[in-house]
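Thank you all for coming; I would like to walk slowly through one structure today, beginning with the whole chain and then turning to a few selected places. Please have a look at it first.

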Amino acid sequence: MNMLAHPSPRDPQDDQRTGLSKEALKRSFLDNLFYLQGKFPTLATKQDYYLALAYTVRDRMLQRWISTAETYTRNASRTVAYFSAEFLLGPHLGNNLLNLGIDDLVRQAIRELGLSYEELLGQEEEPGLGNGGLGRLAACFLESLATLEIPTIGYGIRYEYGIFAQDIVDGWQVERTDKWLRFGNPWELVRPEWAVEVRLGGHTEHFTDLNGRTQVRWVAGRTVVGMPYDTPILGYRNNTANTLRLWCAEAPEAFDLGTFNRGDYYGAVQQKVVSENITKILYPNDEQIQGKALRLEQQYFFVSCSLQDMLRIMRVQNIPLERFHEKFAVQLNDTHPAIAIAELMRLLVDIQQVPWQKAWAITRKTFSYTNHTLLPEALEQWSIALFAQVLPRHLEIIYEINAQFMDEMRIRFLGDSEKLSRLSLINESGERYVRMAHLACVGSHAINGVAALHTTLLKQDVLADFHELAPERFSNKTNGVTPRRWMALSNPRLTRLLSETIGEGWIKNLDQLQSLEIHAEDAAFRAQWRFIKRATKEDFASFLRRRTGVTVDPSSIFDVQVKRIHEYKRQHLNVLHIIGLYHRIKSNPNIEITPRTFIFGGKAAPGYRMAKLIIKLINAVGEVVNQDPVVDGRIKVVFFPNFNVGNGQHIYPAAELSEQISTAGKEASGTGNMKFCMNGALTIGTLDGANVEIRDAVGAENFFLFGLKTEEVEAWRAAGYQPKEIYEANHELRAVIDLISEGYFSRGDRELFRPIVDELLRRDPYFLLADYQSYVDCQDQVGLAYCDQERWSRMSILNTARSGLFSSDRTIREYCEEIWRVKPVEIDLSAKSTPHPAFSLATA
């Protein structure tokens with residue numbers, strides 16, 4: 001019997017593309033395989049089957065998507081416009097099936113067709129349109145906005161090549177091009193009718209119009225076309241499907257026939273190549289001037305496209321221009337989109353002829369700004385020369401904004417030239433720069449940090465002058481993550497247990513997990529909890545072996561640190577502890593050590609040499625430790641390559657210890673810490689970022705705290721921190737570092753890891769040596785706690801039960817109520833809506 005033949009008999013109710021019965025799903029799947037993929041089963045590949053399934057699911061999303069857009073248009077709904085240079089969405093298929101509520105039905109239908117549901121999910125190319133936390137936060141926010149029925153458009157860039165794919169070769173990171181679009185993207189629809197033009201370079205001309213008003217004409221050096229690609233973002237089990245609109249750069253003319261006919265074949269396509277470079281790759285290397293210019297072009301390109309699109313929406317909905325700030329609440333996700341402030345001023349003043357002061361009032365009421373960093377080097381600045389080259393008109397606008405701002409500040413801070421210099425949008429010390437965080441602060445009505453400690457430090461340090469100026473504009477919005485992807489989708493066993501125990505309401509209201517607390521005292525429930533964690537660990541151990549070739553013991557502690565590789569995140573502190581354990585075992589082979597598997601994952605920026613060397617060190621230590629018979633499996637070290645959203649969905653549910661060990665005062669928030677906590681992992685960490693709030697929420701007794709506090713770090717630095725003194729005074733630490741420097745983990749090569757050792761002994765800017773003993777002592781407490789499985793299970797349950805604060809739904813509610821002033825809009829699929837196109841044509 002051919003299982004891939006069309007199912008029968010046909011149910012008349014299943015003829016619509018929106019049919020949700022099993023038979024309708026199978027019929028739609030086979031139709032899409034035939035009509036969209038042009039394949040029959042004998043020739044179809046797994047990729048064909050995945051695409052057929054994706055289109056089947058998308059068909060069922062379109063009614064919600066169109067109804068949502070129609071409702072927002074009809075009601076002229078106040079709308080959140082979320083501007084972000086990154087959207088790290090992760091795989092779409094599983095999440096869309098979950099949110100539609102048809103995951104089990106589709107699983108059955110695919111199985112009855114003789115195919116593997118898991119294999120088809122595994123075919124999806126993950127769109128790597130972000131580097132890490134910033135882009136993943138944006139994706140969580142979009143999903144929560146749809147779940148809470150908040151009218152929203154996400155605006156960003158459709159990078160042709162996302163963040164690189166990571167291979168590990170001889171212990172080193174090797175970058176591969178991320179070709180996520182090679183098989184197409186079934187989740188997006190291109191909208192060429194809404195394309196816009198974006199100008200770059202050139203010069204400006206000042207003139208007086210017929211009314212005697214001074215005007216400015218921007219004569220662009222070149223023009224590119226912004227092509228919008230729309231992706232529906234579903235809410236969980238509701239009718240809302242908001243839009244993520246990503247812009248792709250194209251040339252106005254793809255081919256210059258005249259140039260071609262003159263024999264200049266390269267010149268005939270040069271404009272196309274140069275134009276498309278703007279959205280070619282996520283964050284080009286900015287070490288060279290060309291890279292810096294391209295990054296600025298990327299940022300301007302997407303905000304200009306987006307603001308022009310928003311003005312189009314205003315026209316369609318017949319909303320007067322002066323109500324722009326009433327129609328849209330624009331959130332700037334860090335400083336990357338901050339140029340939008342100058343661009344909206346240009347569009348209002350130069351194009352729409354709005355008087356400057358009125359335009360400035362509209363602009364400031366429109367924008368709000370989220371700061372995501374405490375690292376001074378991460379606060380974007382652009383050289384005046386580069387800005388003048390790429391955006392000459394915007395530089396003039398920024399000069400004028402700054403001039404008027406400085407006039408106000410001179411009156412307020414009479415004679416305080418240092419404060420004026422700090423507040424200025426232009427950095428005048430040495431080469432002159434435009435300070436984008438300052439532009440974001442001056443041009444926004446609200447400024448927020450992303451964790452309680454982070455916001456406090458912004459007020460006290462990074463943005464202290466702006467906080468003094470307008471404290472009422474500052475607030476904290478602690479980050480969150482969506483429990484749909486990071487629990488319900490990623491951890492199905494735990495999801496079933498939670499839903500059977502307390503009902504399914506927690507998926508949409510994570511605060512309901514609090515009712516788990518009483519079950520932490522139930523021995524039978526704790527046994528179920530351990531059984532589920534063990535099964536999840538066994539699944540991950542198999543997955544890990546397939547990906548890395550390393551076999552790990554599921555009965556050991558799964559001690560996990562997965563995040564971007566950076567010195568301040570201190571993956572090398574984790575490594576020092578591992579070497580310390582190894583040294584103990586070698587010194588006393590009979591020592592009792594709680595078995596532990598150390599799992600690392602994360603990517604280093606291609607130009608960040610120290611971070612790449614840390615990856616090499618992790619792998620080098622693993623190579624020695626994993627093969628040493630004296631260790632006898634008591635510790636294992638594994639680096640999981642190509643950490644991304646999809647791989648994270650395997651890792652977070654299996655973890656038991658979450659390593660959140662950044663130097664206090666350096667991490668803005670962190671969101672991986674929240675994903676671990678929700679899934680029952682215990683945290684070992686410093687009082688940094690959202691760790692502070694996690695510890696407060698779960699209870700100090702359920703959190704392993706170590707290390708210097710922020711104020712202690714600053715005190716040590718001010719006193720003249722000497723890391724080598726700590727090295728000389730601590731016998732075990734000295735032995736650990738000597739093993740590295742003597743070439744024990746580099747086959748006798750004393751030079752390979754010298755940069756790491758020299759940095760630790762001479763400067764140690766992130767205080768690894770200062771925190772080493774506290775960290776090691778705390779890790780010993782972890783090992784002891786794990787030996788008491790009843791205690792560990794209780795702590796794990798309480799971490800999950802008390803994680804409700806860290807849902808992105810809570811974060812979004814706070815934004816809606818306190819910054820955006822926007823309310824939910826319910827989508828009713830049963831209401832009269834735009835008829836099917838065939839009906840429209842028949843009655844036109």
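This is a predicted model: local features need pLDDT of at least 70, side-chain atom pairs count only at pLDDT 80 or more; totals for chains, interfaces and linings use all residues.

The protein chain has 34 helices and 23 strands. Its radius of gyration is 28 Å, close to the 28 Å that the globule rule gives for 844 residues, so the chain is as compact as a globular protein of that length. Taken along the principal axes, the box filled by the C-alpha atoms is roughly 90 × 85 × 65 Å. Buried residues make up 60% of the 844 residues, and, among the contacts with a separation of 6 or more, 76% are between residues 24 or more positions apart. The chain exposes about 33800 Å², and carbon and sulfur atoms supply 51% of that area.

Let me now turn to helix H26, which covers residues 691-698. Which residues of this helix are buried? They are Asn691, Glu693, Ile694 and Val698, and, seen down the axis of H26, these buried residues fall within an arc of 160°, so they line one face of the helix. They pack against several elements, including helix H17 (452-462), helix H25 (672-678) and helix H32 (789-801), as well as strand E21 (657-660). After H26 comes Gly699, with a positive phi near 100°.

As background, most residues other than glycine have a negative phi. Asp170, however, has a positive phi near 55°, and Asp764 has a positive phi of about 45° although it is not a glycine. Asp170 sits in the loop between strand E3 (165-169) and strand E4 (172-176), while Asp764 lies in the loop between helix H30 (754-762) and helix H31 (768-787). Are these residues buried or exposed? Asp170 counts as exposed because its relative accessibility is 55%, and the cut-off for exposed is over 50%. Asp764 counts as buried because its relative accessibility is 1%, where buried means under 20%.

Finally, there is the surface patch, which is nonpolar, covers about 390 Å² and is made by Phe34, Tyr35 and Leu36. Leu36 is found in the loop between helix H1 (22-35) and helix H2 (46-75), and, at 49% relative accessibility, Leu36 counts as partly exposed.

Terms used. Residues are numbered from 1 along each chain as its sequence is written. Side-chain values use heavy atoms; hydrogens and water are left out. Patches are made of residues with over 30% relative accessible area and no salt bridge: like charges are joined within 9 Å, nonpolar side chains (Val, Leu, Ile, Met, Phe, Trp, Tyr) within 5 Å. Accessible areas come from the Shrake-Rupley method with a 1.4 Å probe; for residues, only the protein chains shown count as cover. A salt bridge is a side-chain nitrogen of Lys or Arg within 4 Å of a carboxyl oxygen of Asp or Glu. Helices (H or I, at least four residues) and strands (E, at least two) are DSSP runs, numbered from the N terminus. Buried means under 20% relative accessible area, exposed over 50%, partly exposed in between (1.4 Å probe, protein chains only). The arc is that of the directions from the helix axis to the C-beta atoms. Contact means heavy atoms within 4.5 Å. The radius of gyration is taken over C-alpha atoms; the globule rule is 2.2 Å times the number of residues to the power 0.38.
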